[in-house]
Amino acid sequence: MKVSLCTITFRHHLISLGEIAAWAQSNDFQGIELWGAHARNLAQQPDRNAEWLDSYGLSVPMISDYLPVNADPETLRRKTVDLCRLARRWRAKKIRTFAGNRGSLATSTEDRRLIVERLRDICAITESYGIHLLAETHPETLADTATSTMRLIEEVNHPSFAINFDTLHVWEGGDDPVAVHRTMKPHIRHYHLKNIRDRSDLSVFEPANVYAAAGRRDGMTPLFEGTVDYGRFLGEISGDPQIDASLEWFGGDCLDILRRDRRQVRQVIEGREPARRTVNF
C-alpha cells in the first residue's frame, strides 16, 4: 500500500511544499495528495512539478478539488480542463470531486439525472487526458450511502469514473466499511483515512468548520484512537501494493499525528498490531 499525506492538512500553516516534501520523504510517505487550491497557486512556480518531486522519491497520486457540477456546461468544461492540465503537470492520474452538494434523499430525480450527466461529461474530458474522475464518499452528496454510491456508479457508467473511498464517511452513512469495501472494491481507486472520537463529533468535518482557521478540532483523533476500527479495515486492503491511500488529518499537531499514524499503519501492514482501545463498527 502506498501512503500519501494531504496538503489540505497545512491549509492554515505557513509552510512551503519543499518543506512538506522533505518531511514526507523522511517519514516514509510515498506521495503528496495536492489540494486543488494549492495546485493552482503552485502554477505560478514553474520549477515545482512532477520532475522536481521525483527528487524526493515522491509522487502526486491525486489532486483533490471541487468541480462545479451544478454550473453551466461551459464553466464546468473550462474548470475541468484547467484541472486536468494541472494534474498533467504533476503526473497525477486521479482528480477528486464531489457528486453534488445535497444528500441522496434530498435530491430530486431530475437533479440527480443532471448531476449524473455532468459527471459523465467530466469523465469524457478526463479520459482524454488519461485521468480518472473520483467521486468521494461523503455526506450531503449522492455518494452519502453505499446504496446511493453503487447506484451512482451504475448511472454514470463510464470507464474513467471511480470512487475515492473515505472510510469514515462510509461509516458515517450507516454502513460497515469492510462489508461495503468488498462490494465496491472494483470501483475504488483511492482511500482517505481519518477517524473521530464519537459519532456525536462528526460535525467537526463539516466544510464550514474544517476550512475555518478558528474552527473546532475537538473530536478529531489519530487514526487508531477513534471509533472506526482501522486495524480491521486496513487488514482488508493492506495486502495490495498498488493501493493508494492518504492520511487526511485536519487537526492540530499535524506533524506529530501524521508521523505516529504513518508508523502505526506500517505496523498493521507488517502484521504488528498497534496498541489501541477496543471499539466496534
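This is a predicted model: local features need pLDDT of at least 70, side-chain atom pairs count only at pLDDT 80 or more; totals for chains, interfaces and linings use all residues.

Student: In what sense do strand 1 and strand 2 pair, and over how many bridges?

Tutor: Strand 1 (residues 2–6) pairs with strand 2 in the parallel sense, over 3 bridges. Take Ser4: its bridge partner in strand 2 is Gly31.

Student: And how do strand 2 and strand 3 pair?

Tutor: Parallel again, with 2 bridges between strand 2 and strand 3 (residues 63–64). Here Trp35 stands opposite Ser64 in strand 3.

Student: How many residues of strand 2 are buried?

Tutor: 5 of the 5, residues 31–35, so strand 2 is largely enclosed by the rest of the structure.

Student: Which residues sit on which side of strand 2?

Tutor: In a regular strand, side chains alternate between the two faces of the sheet. In strand 2, Gly31, Glu33 and Trp35 are on one side, and Ile32 and Leu34 are on the other. Both faces are covered, and those residues are all buried.

Student: New topic: backbone. What is phi of Arg91?

Tutor: Near 55°, a positive value in a residue other than glycine. Arg91 is in the loop between helix 4 (73–89) and strand 4 (94–97). Arg91 is partly exposed, at 43% relative accessible area.

Student: What about Asn157: where does that residue lie?

Tutor: In the loop between helix 6 (146–156) and strand 6 (161–166). Asn157 is not a glycine, yet has a positive phi of about 50°.

Student: Is Asn157 buried or exposed?

Tutor: Exposed, because the relative accessible area of Asn157 is 63% and the cut-off is over 50%.

Note on methods: Residues are numbered from 1 along each chain as its sequence is written. Side-chain values use heavy atoms; hydrogens and water are left out. Helices (H or I, at least four residues) and strands (E, at least two) are DSSP runs, numbered from the N terminus. Buried means under 20% relative accessible area, exposed over 50%, partly exposed in between (1.4 Å probe, protein chains only). Two strands pair if DSSP finds at least two bridges between them.
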